[in-house]
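Here's a quick briefing to read alongside the model. Have the sequence and the 3D view open as you go.

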Amino acid sequence: MTRTTTAGLFAVGGFIVLLMAASAAYIDLDTEGLRGTAVGAGLGILNLVVGYVVTRRALRAGMRSAMRTFLTGFLARLGALVGLMVVFHRMESVDPVAFALTFLLFFFVYMGLEVLLVERSLNATRRVA
């Protein structure tokens with residue numbers, strides 16, 4: 001593993017720890033908080049599964065395709081996060097903070113996975129060349 005990959009994984013791990021601490025401090029374990037956490041975790045897991053499949057396919061097609069996929073996926077996740085936070089803020093039956101923190105936690109787990117997938121793809125390219 002390269003130094004850049006290791007540094008990236010440490011940064012991602014640091015953000016995960018910070019998000020876990022923020023979640024413990026700011027999420028109330030009432031009905032709305034649990035509902036927000038459940039929705040954030042559900043969408044986060046869906047993001048992990050779909051992102052894994054799409055990223056692997058994009059990396060096989062080349063780095064240009066992968067970069068387009070990364071940018072499109074990032075913008076889609078950002079739009080979903082902001083849009084659902086606004087919807088949940090108006091509904092008052094789901095805690096938008098719990099949703100956002102939980103979704104972001106899974107987002108950073110996905111970012112770590114993405115770093116590992118890119119590293120593995122680059123290693124395979126280096127071995128062939």
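Is F74 buried, partly exposed or exposed? At 38% relative accessibility, F74 counts as partly exposed, where buried means under 20% relative accessible area, exposed means over 50%, and partly exposed is in between (1.4 Å probe, protein chains only). Keep in mind that this is a predicted model, where local features need pLDDT of at least 70, side-chain atom pairs count only at pLDDT 80 or more, and totals for chains, interfaces and linings use all residues. Residues are numbered from 1 along each chain as its sequence is written, and side-chain values use heavy atoms, leaving out hydrogens and water.

**Aromatic pairs**
- There are five aromatic pairs, counting rings of Phe, Tyr and Trp (its six-membered ring) with centres within 6.5 Å; planes under 30 degrees apart are stacked, over 60 edge-to-face, and the rest tilted.
- F74 and F107 make a tilted pair, 6.3 Å centre to centre with 50° between the planes.
- F74 sits in helix α3 and F107 in helix α4, so this pair ties together parts 33 residues apart in sequence; helices here are DSSP runs (H or I, at least four residues), numbered from the N terminus.
- F88 and F99 pair edge-to-face, 5.1 Å centre to centre and 85° between the planes.
- That pair links F88 in helix α3 with F99 in helix α4, eleven residues apart.
- F88 is buried at 8%, and F99 is buried at 1%.
- Ring pairs also join F15, F74, F107 and F108 into a cluster.

**Nonpolar core**
- The largest nonpolar core has nine residues: V12, I16, L19, I27, A98, L101, L105, F107 and F108. Such a core is a set of buried Ala, Val, Leu, Ile, Met, Phe, Trp, Tyr and Cys residues joined through side-chain atoms within 4.5 Å.
- Helices α1 and α4 (96-128) each supply at least two of its residues, and α4 gives the most, with five.
- I16 touches L105, F108 and V109, not counting residues up to four places away in sequence; contact means heavy atoms within 4.5 Å.

- T5, in helix α1 (residues 3-26), is buried at 7% relative accessibility.
- Leaving aside neighbours within four places in sequence, T5 is in contact with V115 and E119.
- V86 belongs to helix α3 (residues 63-91) and is partly exposed, with a relative accessible area of 40%.
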